[in-house]
Amino acid sequence: MALRWGIIGCGAISHDFVRSLGVAKENHKVVAAGASALQRAEEFVRKVGLSDVKAFGSYEELLTDNNVDVVYIGLLNDAHVTWTVKALKAGKHVLCEKPLGVNLKEVKLIVETARAEKKFLMEGYWSRFFPVWLDIKNKIADRDLGALRLVHINLGILLPENRRDVSKGSTPLYDIGVYPVSLALYAFGKKATKVDAIGAKDEHNTDIWANITLQFGDDQRALLYYDANNRTVNNAILNFENGSIQVS
C-alpha cells in the first residue's frame with residue numbers, strides 16, 4: 001500500500017520534493033495539496049503534473065483529510081512550528097523542511113508533541129542522505145587514515161532577498177550556514193565543547209557571513225565559513241593524522 005502524502009505549502013521547495021517522490025524506490029503517492037488559497041493549490045497540482053489529488057484552500061482542511069498519512073511541510077521557517085504541531089495533533093506523521101524550528105524552544109515543543117502523539121517526525125535535511133556523507137563516515141570508522149583532527153568547510157552562495165527575512169526566520173545561517181555545521185557534527189560524531197563565531201549583519205539585522213570555530217577536545221576542531229553575498233570555492237576538507245579527504 002502506498003504511503004499517502006499531503007503537501008502543506010505550494011512553493012518551489014514543495015515542487016522539488018514532489019518531483020523527488022516520483023523517483024523514490026518505495027511506494028509513495030501524493031493525495032492532497034494545501035495552500036493559503038485554493039487557486040494556488042490547484043495551480044500547484046497542475047504544475048507538478050499530479051492526478052487524483054485533492055486541492056485545499058487552507059492547511060486546516062488538508063489536516064482533516066483521513067486519506068493523508070504523512071504531511072510534508074514546505075512553508076516559510078517561522079510557520080514550521082505552528083503547522084508541524086497542528087499536523088502531529090491531527091494524527092499525521094510529519095516531514096518538515098529545515099530548520100525544524102527557529103529556536104530551541106520551538107524545537108523542544110515539536111519533539112515533545114511528536115512523542116506525546118506517538119507520530120514519526122523528521123527534519124528535511126537532504127544532505128544527510130548524500131552517498132558521500134556515508135562514505136566519509138565509513139572512512140572515519142575504518143581509521144585507515146588515523147583519527148580525524150580538523151574539518152575545514154567553505155560554503156558561499158548568493159542568496160536572494162526573499163531568503164534573508166529575519167522576521168520570517170529566513171536567514172543565511174538557517175539557509176546555508178547549517179550545512180557546514182551539520183557536516184562537522186556528523187563527522188566528529190559528538191557535540192562541540194566550545195563554539196566561537198565572528199560575522200556580519202546587514203541593515204535589517206540579518207546575518208551575511210560568519211566564521212565559526214567548533215572545538216571537540218583532544219585537538220579536534222572544525223573551521224567553518226558561510227557567505228550569502230559571495231560565491232566561494234565550496235568544499236569540505238577533512239584532515240586526519242595520516243591523510244585527508246576533500247569533497248567539492
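Colleague: How do you know which residues may be discussed in a predicted model?
Modeller: Local features need pLDDT of at least 70, side-chain atom pairs count only at pLDDT 80 or more, and totals for chains, interfaces and linings use all residues. Residues are numbered from 1 along each chain as its sequence is written, and side-chain values use heavy atoms, with hydrogens and water left out.

Colleague: Happy with that! What makes S1 and S2 paired strands?
Modeller: Two strands pair if DSSP finds at least two bridges between them, and strands themselves are DSSP runs (E, at least two residues), numbered from the N terminus. Strand S1 (residues 3-8) and strand S2 (residues 28-34) have six bridges in the parallel sense, so by that definition they pair. One example is Ile7, whose bridge partner in S2 is Ala33.

Colleague: And what makes S1 and S4 a pair?
Modeller: Four bridges join S1 to strand S4 (residues 70-73), and the two run parallel. Gly6 stands opposite Val71 in S4.

Colleague: Why is the unit of S1, H1 and S2 called right-handed?
Modeller: A crossover is right-handed if, with the strands pointing away from the viewer, the path from the first strand over the helix to the second runs clockwise. S1, helix H1 (residues 12-21) and S2 make a β-α-β unit of that right-handed kind; a helix here is a DSSP run of H or I with at least four residues.

Colleague: What makes the peptide bond from Lys98 to Pro99 stand out?
Modeller: That bond is cis, with omega near -10°. Pro99 lies in the loop between strand S5 (93-97) and H5. Most peptide bonds are trans.

Colleague: What about the phi of Arg143?
Modeller: Arg143 has a positive phi of about 60° although it is not a glycine, and it lies in the loop between helix H6 (131-142) and strand S7 (148-156). Most residues other than glycine have a negative phi.

Colleague: How do you know what UniProt lists for residues 3-125?
Modeller: An unreviewed UniProt entry gives "domain: Gfo/Idh/MocA-like oxidoreductase N-terminal" for that span. UniProt positions follow the numbering used here, feature names are shortened, and annotations may be inferred rather than shown by experiment. In the model, residues 3-125 are 40% helix and 24% strand, with end C-alpha atoms 20 Å apart.

Colleague: And what does UniProt list for residues 134-245?
Modeller: Its label, also from an unreviewed entry, is "domain: GFO/IDH/MocA-like oxidoreductase". Over residues 134-245 the chain is 23% helix and 40% strand, and the end C-alpha atoms are 13 Å apart.
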